[in-house]
Amino acid sequence: MERKSILLSAALALLLGTHAAWAAMTDSQAHTLAVTAYKDPGSKKAAAALNKLGNAANDGAPTAQDWIGILYSSHKDYAKANYWYQKAAAQGFAGAQYNLGVDYDNGWGVPQDYAKAAYWYQKAAAQGNADAQFNLGVDYRHGQGVPQDYAKANY
């Protein structure tokens, strides 16, 4: 079965700064900013959205860091994407943990490593991330990065 991965087409022109007010950004807010940047690339509205997203990411908002990573990933700049995913994943953000799993599974910006992919899927799956749970099940079914275990795969 094919693995699920998140790739969004988006324009990326990060204008990074610091504004502590954005540190508490919600996933919905970060997603809205990322979509705004995608729908109207090169516009003042898109630049303002990217600026807000970048400020929040620099201030440590894990959801903003994850969305910045997704934007980089959509342009196949996986090394930068992984940089931001790592920051968010270190804070326990399940979406970024899942995205790191996908990148390790595919060798995007990191050496392909099924054990590390399974590690990140397990972290995200434990928090209820359905895509990570699915991919971890595939890993257990095929014994990829984890010992083959059909009971765990079915679970």
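A residue is taken as buried when its relative accessible area is under 20%, as exposed when over 50%, and as partly exposed in between (1.4 Å probe, protein chains only). The model is predicted, so local features need pLDDT of at least 70 and side-chain atom pairs count only at pLDDT 80 or more, while totals for chains, interfaces and linings use all residues. Numbering runs from 1 along each chain as its sequence is written, and side-chain values use heavy atoms, with hydrogens and water left out.

We turn to the aromatic residues. The structure holds 4 aromatic pairs, where rings of Phe, Tyr and Trp (its six-membered ring) pair if their centres lie within 6.5 Å, and planes under 30 degrees apart count as stacked, over 60 as edge-to-face and the rest as tilted. One of them joins tyrosine 98 and tyrosine 121; with ring centres 6.0 Å apart and planes at 35 degrees, this pair is tilted. Because tyrosine 98 sits in helix α5 and tyrosine 121 in helix α6 (residues 114–125), the pair ties together parts 23 residues apart in sequence; helices here are DSSP runs (H or I, at least four residues), numbered from the N terminus. Tyrosine 98 is buried at 1% relative accessibility, and tyrosine 121 is buried at 0%.

Another pair, tyrosine 119 with tryptophan 120, is edge-to-face, at 4.9 Å centre to centre and 80 degrees between the planes. Tyrosine 119 is partly exposed, its relative accessible area being 40%, whereas tryptophan 120 is buried at 12%.

How values were computed: Helices (H or I, at least four residues) and strands (E, at least two) are DSSP runs, numbered from the N terminus.
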